[in-house]
Amino acid sequence: MNPADATRVVQWNTTPAMIWFMYGTMVIALAVFAYGIWRRVRIWLLGKPKMRWDRPGERLKRVLIRGYGHANLLKDRVPGVMHALIFFGFVILFIATTVVAINTDLGIPIMHGYFYLYFQSLTVDIFGFLFMIGLAVAVVRRYILRLPRLEHGQWADAVLLATLALILLTGFMLEGLRIVATADPWAPWSPFGHLTGLALAVPFPGEPAQRTLHASIWVFHVALWHTLLAVIPFTKLSHMVMSPLNIFFGNLDDARGVVPSIDFEDQSAALGIKSVYDLTWKQLLDLDACTECGRCQDACPAWAEGKPLSPKRVILDLRDYVHAHEGDVLAGKAARDRGDTARYDEIVCAMPALAGGVIKDETLWSCTTCRACEEACPVAIEHVPLILQLRQNLAMDQAQVPEGVAEAVSSLEVRQQPFRGASVERTEWYQDLTVTEMASVEEPRDVEVLYWVGCAAALDPRVQKVAKALVTIMQHAGVRFAVLGPEEQCCGDPARRSGNEFHYDTLARANVDTLKRYDVKRIVTHCPHCLQTLKHEYRQLGGDFEVVHHSQFVRELIEKDRVRLSRKLPDAVTYHDPCYLGRYNDVFDAPREVLDSLGVSRIEMKRSRQRSFCCGAGGGHAFYEDASGGRINQNRAREAIATGAKTVCTACPFCLGMLEDGVRTVQPADGDVRVRDFVELVAEAIAD
Ligand code: SF4
Ligand code: SF4
């Protein structure tokens with residue numbers, strides 16, 4: 001036998017009526033599929049505008065790497081491999097079907113020779129089998145291991161998985177029956193199909209019986225596949241279309257988790273998200289793109305501690321709500337488009353509020369804005385701005401704010417800092433140091449860096465030690481720095497993250513004006529929340545500054561030999577990545593490199609870098625006691641202590657406070673684990 005002559009009879013054992021049935025049902029399936037997609041698209045089209053068309057090449061690359069290449073999915077090994085087996089199995093089988101169509105319908109005889117043997121027979125057979133393995137793993141995870149993150153939609157999943165398995169199984173049966181009935185000489189090139197054929201030949205011996213069985217299975221196989229094709233847009237499988245789209249239109253900016261600013265001069269401006277009509281088209285697409293994989297829920301610190309928040313449920317509850325009220329939503333849009341304000345208002349008022357109704361207040365207030373969900377999500381869904389905009393509606397439209405947050409915001413309004421009861425002045429901490437204020441600098445351009453102190457360091461006695469350590473280092477390195485002193489106001493992060501955008505706007509505008517007045521070009525801050533706000537969010541108000549975190553700045557000073565470390569520290573240290581430094585700003589290496597230069601033995605926690613676990617302070621949580629569930633900071637403190645390190649290092653004043661509290665609570669009374677900001681260690685190493 002010459003492999004160059006290898007081929008098979010295409011559409012073996014079919015009649016013209018069967019072929020008509022195949023093409024007829026395919027046309028119907030494609031029409032229903034297109035209608036299903038259109039139903040989704042017409043909902044996205046009613047969303048508010050969002051610019052996500054720029055840099056198409058970069059976007060396409062993301063789809064290829066992150067989507068089809070499974071770059072994100074494979075970070076979670078077992079489900080990642082499971083999805084890859086199903087996905088690539090599907091793709092190969094789809095290509096194989098296309099090859100048959102080219103060969104038969106276009107009359108181009110490509111199912112021949114080595115291509116036929118290596119691709120159309122062997123590769124397709126192996127990938128079909130791997131597809132089944134992927135489905136089996138999905139069944140085990142859902143119905144045997146019963147993973148909590150996969151609990152949603154168990155019945156629907158069962159039907160889909162069974163349908164896919166049946167399509168594959170009947171595919172193997174069709175191949176096997178053809179092989180045994182025609183005594184195909186190339187059978188070994190289709191090992192799984194061949195085995196299936198041999199097994200079927202036992203109860204169905206002889207060609208006539210095999211032909212009859214083949215014809216019945218053929219009709220069933222075609223009907224099942226075309227039914228599945230038709231229902232894809234109406235089921236979870238719609239993510240085959242929506243997920244690549246969502247990745248394509250994902251956020252490419254270096255500013256992450258940022259809400260759009262509100263024009264408070266405009267009386268008609270929406271105060272956060274009140275109804276479906278306040279969502280952007282991208283947020284509506286986000287809802288439909290969710291694959292229900294539960295990775296976000298697994299990563300969420302609030303969920304881990306039993307609080308009433310699952311980022312997956314937030315997305316799915318909103319999606320289910322939009323789908324269930326599709327008719328009303330479209331009727332409202334039609335009324336709005338024809339200028340029928342009364343009817344539009346009537347429809348909006350009749351719908352339950354999204355914030356506080358569809359998504360409960362306590363769910364929204366449980367979020368620490370840590371972005372672990374966004375980092376884990378394989379399809380680039382943006383949970384944080386959505387949750388924050390819903391919070392804006394609670395805070396500004398409904399005046400529903402937890403007590404502690406209300407007090408912090410009221411303090412921001414009166415004293416421009418969020419610590420209630422703090423009576424000290426911002427300038428007190430440096431009265432016994434040589435620290436220059438910008439107002440007294442004759443030539444502001446001679447200032448190398450402006451040290452943005454932040455409220456915590458200025459007002460909290462524990463964090464003041466961190467500020468003093470940084471001042472010691474900068475003075476040792478001969479850095480010409482200055483502070484704003486009494487002119488510095490809270491950057492606005494606690495206000496913005498708690499939905500009080502008006503107060504954020506007031507503080508931010510005042511700070512931008514001050515920084516512009518001094519023509520500040522470079523800012524160093526040791527608070528990652530200030531870093532995020534000054535570096536990325538003041539841009540919305542015209543403030544474009546170079547801002548670096550103190551870990552980056554100190555590393556730079558060490559690299560330039562401006563800081564000389566006179567002794568090595570023998571401690572074993574574990575480093576906690578602050579969310580706003582790592583996941584928001586990609587600063588993972590700088591603090592680690594500084595610690596390494598101190599000679600410490602550094603031990604990583606299991607959840608570190610992009611997968612770091614929140615300390616529990618973000619999103620305004622530093623200012624109120626969330627009574628629901630357990631304590632996020634204690635969860636993290638246990639993990640840090642488990643490393644065996646005696647020093648837990650961090651690089652954020654809020655993480656410092658939360659971890660100190662957590663370590664104090666969970667370690668035994670005679671425990672000796674301490675929590676430090678890494679600059680406190682650097683200051684010790686240059687003390688001699
Ligand atoms: S930002 Fe953090 S706390 Fe909020 S939903 Fe996402 S993972 Fe959970
Ligand atoms: S939001 Fe993303 S991570 Fe969460 S369930 Fe949906 S697809 Fe998975």
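Me: Before we look at helix pairs, how are the axes and angles defined here?
Reply: Axes are lines fitted to C-alpha atoms, for helices over the stretch in contact, and angles run from 0 to 180 degrees between N-to-C directions. Keep in mind that this is a predicted model.

Me: OK. At what angle do H13 and H14 cross?
Reply: Roughly 155°. Helix H13 covers residues 326–337 and helix H14 covers residues 341–350. Their axes come within 8 Å.

Me: Roughly parallel or roughly antiparallel?
Reply: Angles over 145 degrees count as roughly antiparallel. H13 and H14 are therefore roughly antiparallel to each other.

Me: Left-handed or right-handed crossing?
Reply: The crossing of H13 and H14 is left-handed.

Me: Which residues make the contact?
Reply: H13 brings Asp328, Ala331, Gly332, Ala335 and Arg336. H14 brings Arg343, Tyr344, Ile347 and Val348. By class, this contact has five nonpolar, one polar and three charged residues.

Me: New topic. Which residues come nearest to ligand 1?
Reply: Cys300, Pro311, Cys367, Cys370 and Cys373, out of 15 residues around ligand 1.

Me: Which helices each supply at least two residues of that shell around ligand 1?
Reply: Helix H11 (301–304), helix H16 (372–376) and helix H17 (383–397). By class, the shell around ligand 1 has eleven nonpolar, three polar and one charged residues.

Me: And which come nearest to ligand 2?
Reply: Cys290, Cys293, Arg295, Cys296 and Cys377. There are 14 residues around ligand 2.

Me: Which helix gives the most to the shell around ligand 2?
Reply: H12, with three residues. Helix H10 (295–299) and helix H12 (311–324) each supply at least two.

Me: How many bridges join S7 to S8?
Reply: Four, with S7 at residues 647–650. In one of the pairs, threonine 647 has arginine 674 in S8 as its bridge partner.

Methods. Residues numbered from 1 in each chain as written. Chains lettered and ligands numbered in written order. Predicted model: local features only at pLDDT ≥ 70, side-chain atom pairs only at ≥ 80, totals over all residues. Near = placed C-beta within 6 Å. Pairing = 2+ DSSP bridges. Parallel < 35°, antiparallel > 145°, perpendicular 65-115°, else oblique. Left-handed = near helix turned anticlockwise from the far one by under 90°. Contact = placed C-beta atoms within 7 Å. Nonpolar A, V, L, I, M, F, W, Y, C, P; charged D, E, K, R; others polar.
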